[in-house]
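Below is a short briefing on one protein model.

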Amino acid sequence: MFRFLHIGFVWTWRVKAKELEPIFGGHSFDWVRYSPNCWIVWTDQTPDYWFDVLQPHLGAKDQVLIAELHQPLLNSRGWLSEFVWEWINRPR
């Protein structure tokens, strides 16, 4: 089952966005990063799978939240760049 997952980080030492991009590209069918620490991925994998993939790249005090976003996005509100909304609403 394909789904959107939101994956957000709090890094305690340094931003790891460039380091993580190949991981997102290699483990999802599509992804968008809308801030230095937040991604939305289109995937057939679970949050548990993503945690296992990402955990080796996290420091002891880094934080991560992986949450499923239901499609279509119901009862949502936000202020994001137009390219992010276009990406979310693109037919899949």
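**Sheet, helices and pocket**

Strands E2 and E3 run antiparallel and are joined by five bridges. The model is a predicted one. E2 and E3 belong to an open sheet of four strands, ordered E2-E3-E1-E4, with antiparallel pairing.

Sheet

- At the edges of the sheet lie strand E2 (30-35) and strand E4 (63-69), each of which pairs on one side only.
- On average, and with direction ignored, neighbouring strands of this sheet are turned by 20° against each other.
- Strands of a sheet pair through backbone hydrogen bonds, and the pairing may be parallel or antiparallel.
- The link from E2 to E3 is a hairpin through two residues.
- Ser35 has Cys38 of E3 opposite.
- Strand E1 (residues 3-10) runs antiparallel to E4, and seven bridges join the two strands.
- Leu5 has Glu68 of E4 as its bridge partner.

Helices

- Helix H1 (residues 17-27) packs with helix H2 (residues 47-54) at an angle of about 145°, and their axes are 11 Å apart.
- H1 and H2 cross in a right-handed sense.
- Helix H3 (residues 82-89) lies across E1, E2 and strand E3 (38-43).
- The direction of H3 is at about 155° to that of E2.

Largest pocket

- The largest pocket holds about 150 Å³ of space.
- Its lining includes His6, Tyr34 and Ile40, together with Leu69 and Leu73.
- Ser76, Arg77, Gly78, Trp79 and Leu80 also line the largest pocket, as do Trp85 and Ile88.
- Eight nonpolar, three polar and one charged residue make up the lining of the largest pocket.

Definitions and conventions:
Residues numbered from 1 in each chain as written. Predicted model: local features only at pLDDT ≥ 70, side-chain atom pairs only at ≥ 80, totals over all residues. Heavy atoms only, no water. Pairing = 2+ DSSP bridges. Axes fitted to C-alpha atoms, helices over the stretch in contact; angles between N-to-C directions. Contact = heavy atoms within 4.5 Å. 1 Å grid on protein atoms, 1.4 Å probe; cavity = no way out; pocket = protein on both sides within 12 Å on 5 of 7 lines; lining within 4 Å. Points joined across faces, edges and corners; volume = space filled by probe spheres on them. Nonpolar A, V, L, I, M, F, W, Y, C, P; charged D, E, K, R; others polar. Left-handed = near helix turned anticlockwise from the far one by under 90°.
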